[in-house]
Structure formats: structure tokens, C-alpha cells
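Hello, and welcome to this short note. Please keep the model open beside you as you read, and look up each residue as it comes up.

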Amino acid sequence: MTEKDAEALFDSIAGFASYAFNKSHAAAYAVLAYRTAYLKCHYPKEYMASLLNSVMGDNAKMRLYRGECQRMSFDILPPSINKSGVGFTTEEGGIRFGLAAIKNVGESYARRIVSKRETSGEYKDFEDYLLRGHSGGSARMTEALIRSGAMDCFGKPRSVLVAALDTSGDKLHQIRASAAAGQIGLFESIGVKESAVSLEYPKVPEYSRSAMLEDEKQLTGLYLTGHPLTEYAEAARALNCLDIGAIYDKYREGGVKEGQMLTLLGLIRDKTQKPTKNGGVMAFCTLEDTIGETELVVFPKQLSAYGELLTEGAVLCIQGRLSVREAYDDETEDELKIILEKAVVPNAATP
């Protein structure tokens with residue numbers, strides 16, 4: 001653009017701004033920006049907990065905000081039947097995952113659990129929870145709490161609690177029937193409380209580490225007690241892998257461009273295959289790392305070469321070209337995808 005045309009354009013923008021962007025509108029946004037910046041600076045955990053509560057159920061946003069928490073040197077703590085609130089809450093060690101944010105639990109049941117804990121004290125053990133907190137809930141809700149790690153505080157393997165839950169129905173019925181008939185009062189008179197009535201805990205092996213992490217991901221949207229990619233961190237550094245969550249920022253800043261070859265390390269999710277117009281088959285996957293995810297497009301040639309590696313849950317190091325579809329308006333982000341060129345299985349712990 002010539003200098004004359006540039007000055008004319010600038011003058012028209014300035015003239016438009018004199019009436020289109022009124023001062024009251026600008027002032028209101030300035031106040032809002034100042035207040036949120038102040039809160040994030042001086043009350044970071046409270047601010048991030050509020051953000052997390054506002055996107056409860058949106059796994060992508062929760063991962064994004066968790067990454068910001070980690071950048072500020074605190075993290076989201078696993079759910080706990082004795083420490084979690086209904087939503088995300090703050091405590092000394094970080095932000096505690098809310099019970100209502102666990103899939104299959106629901107807000108009303110989470111409120112019931114928290115209310116009984118606040119009025120009658122913490123749940124002493126699994127039996128105590130079943131007698132007090134489980135009332136009004138379902139086995140599906142309780143199993144979600146177990147598998148998400150919310151009952152790890154009871155000191156028993158998750159697999160054992162799930163197995164005990166399957167056989168607890170008759171026992172609970174007997175206990176409640178006895179309580180209704182006044183028989184439990186006899187035990188209490190000699191110092192034995194209802195929660196002292198114990199269940200039979202089957203001797204079953206604990207779930208594998210990978211299975212427990214997958215349960216956490218499915219029920220909370222996050223890996224909370226570990227991550228499948230942790231053991232590949234050294235390999236990712238050695239291979240100069242780019243964090244998936246950083247691609248958007250780098251693209252906006254000009255650090256990466258359309259068509260540029262990128263190296264990424266992540267988990268394969270949500271693989272689907274579709275026929276092409278030429279009679280071939282291509283695939284679409286989600287590639288996910290610790291803080292972000294992106295769509296991975298696999299054309300027929302690459303699918304033929306690397307299809308056996310592209311399985312759900314597989315950890316892969318991939319090389320691919322950045323593909324950008326520009327947004328149709330200023331309110332929508334450009335859509336970024338990776339076109340697969342090469343895929344290999346990385347070595348854990350060492351490159």
C-alpha cells in the first residue's frame with residue numbers, strides 16, 4: 001500500500017472511531033479488564049477456580065485453564081469425598097476438583113454429599129459413606145466417585161471398593177432395616193456405631209495404572225493423579241516436540257506458519273475413517289498432549305503406511321504440516337489442523 005493510501009485509510013478509521021467507539025463503552029471494558037487483572041494477580045487460585053466453575057463440563061476449556069494454573073505454580077487437585085465442594089474450591093495446595101464436575105454424579109447429589117459431611121463430620125470409611133452419603137444416590141454415582149479417585153482417602157484400592165459396592169446392597173438393606181426397628185440402638189448402647197458394621201471386601205487386584213488414569217480422564221476430563229505422557233517427557237524434549245497447546249499462540253505471533261512442518265508427541269483419540277472420492281480411505285484423529293489437542297488429518301497414503309500405529313490411546317511422535325482455515329469473522333478463531341506426514345512410536349524415558 002502506498003503512503004497516501006495508508007494515510008487515507010488511517011484517517012477514515014480515526015473518523016469512524018470518533019463516534020462508533022463511544023467513551024462509556026470503552027470505560028466499562030477498561031474497568032472490567034482492570035478488575036479481572038487485579039483478581040488474577042492478587043487472588044490467582046480464587047480467580048482460576050471461578051473460571052473453572054464457569055466452564056464445568058467443557059473438557060477443552062478445563063484443560064486450557066489447568067495449563068494456566070500450572071503456569072502460575074499451582075494445580076488442580078483430585079476430587080475427594082472429604083475435601084471437595086460441590087464446585088471447584090481453593091485450598092492451600094491448589095484448587096480442589098468439584099464433585100459436581102464428575103461425570104454421572106450431578107449437582108444435586110454432590111450437594112447432598114457435602115451437606116451431610118458439613119452437618120455430621122467427614123466420612124470415616126466406605127461403610128460410613130454408604131450409610132450417610134449414598135442415601136438418595138445410585139450405584140452408578142458411587143462408582144463414578146470411586147473410579148475418579150474421590151474415595152482414595154479411605155485407603156482401599158479402587159477395584160476393591162467397586163467390587164464391594166456390587167455386594168453392598170443386601171448388607172445396607174439389613175442395616176437400615178435394623179435401624180428402623182430400633183435394633184441398632186442396642187449396639188450403640190455398648191459403644192458400637194452404625195459405621196462400625198463392616199462390609200466384606202473381596203480380594204481383587206487393583207486396576208492397572210493406565211486403566212485408572214483413563215477412568216479419571218473419562219469421568220473428570222483431566223488426568224489428575226498422573227499422565228500417560230509423563231514417561232515420554234525426556235523423549236519429547238530430545239525430539240524438540242512442540243506443545244500442542246502452544247500452536248495457536250505461536251501461529252498468532254507468527255512463530256509458525258501454514259504449511260510449516262511440526263513435530264508433536266501425543267495420544268491418539270477419537271479415530272474415524274472415511275472414504276475419499278477416489279475410492280481410498282482417509283482418517284481423522286485427535287492428537288492430545290498434556291495441555292492441548294488438535295485434529296490430525298491422515299490421507300490415504302499415510303494411512304496405509306501408519307494405520308497400524310494410529311490406534312486409540314497410542315502414544316506417537318508425529319511430523320506433520322500445519323493447515324490453517326481462516327475464520328469467517330473476527331469472533332471466531334482460525335481453525336488449525338495437522339496433516340500427517342510421518343509417525344513413529346517414541347521410546348519411554350529415553351529418546
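1. Let us begin with one residue and its neighbours. Thr286 touches Leu267, Ile268, Arg269, Asp270, Glu293 and Thr294, leaving aside residues up to four places away in sequence; contact here means heavy atoms within 4.5 Å. Thr286 belongs to strand S5 (residues 281–288). Helices (H or I, at least four residues) and strands (E, at least two) are DSSP runs, numbered from the N terminus. Is Thr286 buried or exposed? Its relative accessibility is 16%, so Thr286 counts as buried. The cut-offs are under 20% relative accessible area for buried and over 50% for exposed, with partly exposed in between (1.4 Å probe, protein chains only).

2. A word on what you are looking at. This is a predicted model, in which local features need pLDDT of at least 70 and side-chain atom pairs count only at pLDDT 80 or more, while totals for chains, interfaces and linings use all residues. Residues are numbered from 1 along each chain as its sequence is written, and side-chain values use heavy atoms, with hydrogens and water left out.

3. Asp270 is part of strand S4 (residues 261–275), and its phi is positive, about 50 degrees, although Asp270 is not a glycine. Most residues other than glycine have a negative phi. Asn240 also has a positive phi, near 55 degrees. Asn240 is in the loop between helix H12 (233–238) and helix H13 (247–253), and at 65% relative accessibility it counts as exposed.

4. Next, the aromatic rings. How many aromatic pairs does the structure hold? There are 4. Rings of Phe, Tyr and Trp (its six-membered ring) pair if their centres lie within 6.5 Å; planes under 30 degrees apart count as stacked, over 60 as edge-to-face and the rest as tilted. Tyr123 and Tyr129 have ring centres 5.9 Å apart and planes at 75 degrees, so this pair is edge-to-face. Phe126 and Tyr129 are stacked, with 6.3 Å centre to centre and 20 degrees between the planes. Within helix H6 (residues 126–132), Phe126 and Tyr129 lie 3 residues apart, about one turn of the helix.

5. The charged end of Lys156 sits over the ring of Tyr201, 4.3 Å from its centre. For this, NZ of Lys or CZ of Arg must be within 6 Å of the ring centre and within 35 degrees of the ring normal.

6. Now find strand S8 (residues 335–344), which runs parallel to strand S6 (residues 293–298) and is joined to it by 3 bridges. Two strands pair if DSSP finds at least two bridges between them. Glu295 stands opposite Lys337 in S8. Strand S7 (residues 315–325) pairs with S8 in the antiparallel sense over 9 bridges, and Val324 has Leu336 in S8 as its bridge partner.

7. Finally, which helix gives the most to the lining of the largest pocket? The answer is H4, with 8 residues. Helix H4 (59–71), H13 and S6 each supply at least two lining residues.
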